[in-house]
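The sequence and the model are shown first, and a description by topic follows.

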Amino acid sequence: MNEIWASDQIRSAVLISSKPGCFIAGADLTMLASCKTPEEVTQISQEGQRMFEKLEKSTKPIVAAISGACLGGGLELAISCQYRIATKDRKTVLGTPEVLLGVLPGAGGTQRLPRMVGVPAAFDMMLTGRNIRADRAKKMGLVDQLVEPLGPGLKPPEERTIEYLEEVAVTFAKGLSDKKISIKRDKGLVEKLISYAMSIPFVRQQIYKKVEEKVRKQTKGLYPAPLKIIDVVKTGIEQGNDAGYLSESKKFGELAMTKESKALMGLYHGQVLCKKNKFGAPQKEVKHLAILGAGLMGAGIAQVSVDKGLKTILKDATLAGLGRGQQQVFKGLNDKVKKKALTSFERDSIFSNLTGQLDYKGFEKADMVIEAVFEDLSLKHRVLKEVEALIPDHCVFASNTSALPISEIAAVSKRPEKVIGMHYFSPVDKMQLLEIITTEKTSKDTTASAVAVGLKQGKVIIVVKDGPGFYTTRCLAPMMSEVLRILQEGVEPKKLDSLTTNFGFPVGAATLVDEVGVDVAKHVAEDLGKAFGERFGGGSLELLKQMVSRGFLGRKSGKGFYIYQEGVKNKNVNSDMDGILASLKVPPKSDVSSDEDIQYRLLTRFVNEAVLCLQEGILATPAEGDIGAVFGLGFPPCLGGPFRFVDLHGAQKVVDRLRKYEAVYGKQFTPCQLLIDHANSPNRKFCQ
Amino acid sequence: MTSILTYTFKNLPNTSKWALQSLRPLSCSSQLRSAPAAQTKSKKTLAKPNIRNIVVVDGVRIPFLQSGTSYKDLMPHDLARAALLGLLHRTNVPKDVVDYIIFGTVIQEVKTSNVAREAALGAGFSYRTPAHTVTMACISANEAMTTGIGLIASGQYDVVVAGGVELMSDVPNRHSRKMRKMMIELNKAKTLGQRLSLILKFRLNFLSPELPAVAEFSTSETMGHSADWLAAAFAVSRLDQDEYALRSHSLAKKAQDEGLLSDVVPFKVPGKDTVTKDNGIRPFSQEQMAKLRPAFIKPYGTVTAVNSSFLTDSASAMRIMAEEKALAMGYKPKAYLRDFVYVSQDPKDQLLLGPTYAIPKVLEKAGLTMNDIDAFEFHEAFSGQILANFKAMDSDWFAQNYMGRKTKVGSPPLEKFNNWGGSLSLGHLFGATGCRLVMAAANRLRKEGGQYGLVAACAAGGQGHAMIVEAYPK
């Protein structure tokens, strides 16, 4: 850049990335990770600030030509330039995802963004970290011009599009230096009103207050970054740029050293890892998928498959069931049309990838069959046998089950090497996790194939060994058992919910039982209770049994711990539960019944079981354990997952807590050997 | 070569006029290079054994007028009727000899959705002559002709009139769906109470109308945008596009002045003067053209109002016959209609590349090469579209990567190309341009000499068409 400023020949410049599909996707995280003190990080931030300030103050106009991801530091660079031109394709997204990593935009972003797009929009971007598509960015004033991606020409379209972007950017750079083009943007009426309102100090104060309230409510004070972002923006606006930049770099340094930030960055790395297929490319790509059962799960799996271009058969036993499933897929797609993520034409063409049917026609061409029939072993056996009679030799049979051991399902298979578990989470189109379960007999190619399909469906994937409850359900079960005990000890469902959400769980524990379904919870608790014995005890199964017998199945039946009514937002506690709870009441143990103890009783049982899964080899890596817990079960992201939590919190402290509860309740809290090993050697860490 | 130059050029620190100008001749001539000297034809005739020879006896069109001018108060079937009457007058055919009538149209007037029948009735054709209307965007008239060819070739009929009509001065602006729904329900409502309760549902936004646009339904993109992107994808410069448009206008002017556009028949517009010639020919100067702002991709696009074809009102009609029938009735046909193809591609990125895909196919079918063609008549939707098609046809890379062909087909030599103007200058009727192209090819072969003409056009929906026209021996 210095060359550009030094040379008289150069009157303007264009910044463009040579890497296709990516402008700059943010700063190097390893650089932050290697810092030991906040001061080091602050220094990195200040270097960035200085660099971008130079760009901003450049007398020669600089045009950022953006194609692909323009995130974090990339966006901060772009908004330091005098002009921005972006390609209008799906890959081009702009955003400040720093908050998702527990930090803040540390290279001037907190100061420039509010000036550029207005305070409310800047808060929205920085506090949610959401990606903004190019066309939206243009409307917001984040980019000045859009360039449509080109189709086939005399070169590969991607190559020519970048060239075209550069040509257009050069034209604008010249225009800017010749003063033929102004960098000032015409603001719309709404924008003008907002910026006028923002010039009134009282309004500004109200906005800070409102945003802060909202953030506090949503983060429950568990995440420090959003509040600091508000603070830094406020400092910049109220006390001027210099104070703003100083505050930004200092707070950036502080945040980068927090446990929350380390936890979130760990999750980020884990997620990247779980988006790769470590089993290599399958021998045969899955092009034709068949799904058995058009229930909530089956239709959900169908939806995430067809919208990636997989030809999918959705088979159900009844026309009514099938129709419900097809409608679910259509609604899922249509909601995207309403949000303008799809055009209605794209929706129709995607929906035509789905074939709904009641028979097995076309299964002879299927490359993979995913069964999502009712969780009943004999039923699963029956469909497996029926399907195996029809499908080609290479076809993979995947079972979507949350608890039935895959090896038991595969027991009746003629080709157990082709049988695998694919445990999706509900709702399938929203939950990112896919847990793939391999048996001893599952072949590597079958696994590769399942992972490839899962990745195509946009899932974050963990691959675990077969066993009762696999990994996710197995970790959840002891915690659920503790939930029952806590309820039996007289804690109100509402109180329990607020205790768990205040701890960082996205859904309260009692609500979670209702969401999962009381019958399902009972089913799983019985099965796993048989398999694991006393360790899974605690609460009384009788509670779930009585609920099922009264028809309190949770959300799906309209009543569980709460009452669910269409259109009623604040759900009420189901008073009919009082009797059941009273009849099963056990006296609380006062030593371990403080709010904090209740929270930790839930958490430590979860964590202990997770570590045991690693110890027993159900889990291959701790990273997968963290991803599975956070993305599948809603383990508090601020803790980074059970393994990261042990690392950051200290294994000894976790063991101490477990011992304390063990003394009261016994074996259910006995720490597993691997956890004890970690406690004994404090330098041992699960996550590097 | 051009792209390399442009590439290095734009990395230079500063613009200077001379550099730009030095590029210009290069960029134009590289693709529009002259064809090899006339060769002997690889074939004598394209007649095929056991297939009827189909001839066009003659074809006419009423003058092509820019929308909103003399035809603006008429209805589409008025224009179609005028074309039919012109054809009757020109070819002197008894009306009852005509077996069947087919018209192409795109923007439908809902009152006359089968405009072919309405026009035929008005023109005094026999009540017993059936008629139907086809639609296939800009190649609707081609579809009308080839439908006729099919009917004759299969032996069903001997004499078919094919044509096309479009009236862009009046397009069906509709009430919103909500308003339409309410009006239909009001019509069905029996009691005052029902009516009142329906009327109470009325909201002001029901009144916002639905306007038709020259846009793809599937991609919601305006064709002008697609043309601009296509030009960019093939690196066709603004200057080249303007030059090409200028060529079209000057050739059209010349052809008009020299009286070559013999397919035009005068039309006495009720209440107005008789229209005798096309009114869209505007020979601009290079400077005037350069001043125009981009019409679609603002502010940096290359497609402008002048290097695009304009909205046009008019109609055309032609008589297609089995050769033996024509000879038996004592007619002297103008040309044979030979092999034709329809193609279709991705409507998003290859919307306007129809000719590129269609031409190698039709040439192969007929057993001809580009060198055999004496007269090219392409539909000029946009300058950029024509030049992009030239580049695509001239690219081995494109042929191999997108068309599954080993080599390029080659681009047409410019001196044989649209010599009497094209859609840019004469105007473009979505529904009727096909007939103009065929008649221009036939008339040019008669006038300039030569045996084969090649007609090609692109159309909305990513479709395309090409047909071989063979001169009838004199």
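## A buried ion pair in chain A

Arg415(A) and Glu388(A) are both buried, where buried means under 20% relative accessible area, exposed means over 50%, and partly exposed lies in between (1.4 Å probe, protein chains only). These two residues form a salt bridge in which the closest N and O atoms are 3.5 Å apart; the term denotes a side-chain nitrogen of Lys or Arg within 4 Å of a carboxyl oxygen of Asp or Glu. The pair links distant parts of the chain, 27 residues apart: Arg415(A) lies in the loop between helix H18 (406-410) and strand E14 (419-424) of chain A, and Glu388(A) lies in helix H17 (residues 377-388) of that chain. Helices (H or I, at least four residues) and strands (E, at least two) are DSSP runs, numbered from the N terminus. Over all chains, the rule counts 65 salt bridges.

## Basis of the description

The model is predicted: local features need pLDDT of at least 70, side-chain atom pairs count only at pLDDT 80 or more, and totals for chains, interfaces and linings use all residues. Residues are numbered from 1 along each chain as its sequence is written, chains are lettered from A and ligands numbered from 1 in the order in which they are written, and side-chain values use heavy atoms, with hydrogens and water left out.

## Helix H21 of chain A

Helix H21 of chain A spans residues 493-502, and its buried residues are Pro493(A), Leu496(A), Asp497(A), Leu499(A), Thr500(A) and Thr501(A). The elements that cover them include helix H20 (472-488), helix H22 (509-516), strand E17 (562-563) and helix H26 (595-615) of chain A.

## The interface of chains A and B

In chain A, 26 residues are in contact with 24 residues of chain B, contact meaning heavy atoms within 4.5 Å. The area buried between the two chains is about 2,400 Å², and carbon and sulfur atoms give 60% of that area. Glu148(A), Pro152(A) and Leu154(A) supply 26% of the area that chain A buries against chain B, more than any other three residues. Buried area is the accessible area (1.4 Å probe) that two parts lose on being put together, summed over both.

The rule finds one salt bridge across this interface. In it, the side chains of Glu148(A) and Lys348(B) meet at 3.7 Å, N to O. On the side of chain A that touches chain B, strand E8 (145-147) and helix H8 (157-177) each supply at least two residues. H8(A) gives the largest share of that side, 10 residues. The residues of that side divide into 13 nonpolar, five polar and eight charged; Ala, Val, Leu, Ile, Met, Phe, Trp, Tyr, Cys and Pro count as nonpolar, Asp, Glu, Lys and Arg as charged, and the others, Gly among them, as polar.

## A network of salt bridges

Lys348(B) also forms a salt bridge with Asp349(B), the closest N and O atoms being 3.6 Å apart. Lys348(B) counts as partly exposed at 25% relative accessibility, and Asp349(B) counts as partly exposed at 25%. Lys88(A), Glu148(A), Glu221(B), Lys348(B) and Asp349(B) are linked in a network of salt bridges.

## Chain B as a whole

Chain B has 16 helices and 12 strands. Its radius of gyration is 24 Å, close to the 23 Å that the globule rule gives for 474 residues, so chain B is as compact as a globular protein of that length. The radius is taken over C-alpha atoms, and the globule rule is 2.2 Å times the number of residues to the power 0.38. Along the principal axes, the C-alpha atoms of chain B fill a box of roughly 75 × 65 × 45 Å. Buried residues make up 55% of the 474 residues in chain B.

## Links within chain B

Arg90(B) and Asp58(B) form a salt bridge, their closest N and O atoms being 3.9 Å apart. This pair links distant parts of the chain, 32 residues apart: Arg90(B) is in helix H3 of chain B and Asp58(B) is in strand E1 (residues 54-61) of chain B. Arg90(B) is partly exposed, with a relative accessible area of 33%, whereas Asp58(B) counts as buried at 9% relative accessibility.

Thr69(B) lies in the loop between strand E2 (65-66) and helix H3 (76-91) of chain B. At 28% relative accessibility, Thr69(B) counts as partly exposed. Thr69(B) and Asp313(B) are 244 residues apart in sequence and 8.5 Å apart in space, C-alpha to C-alpha.
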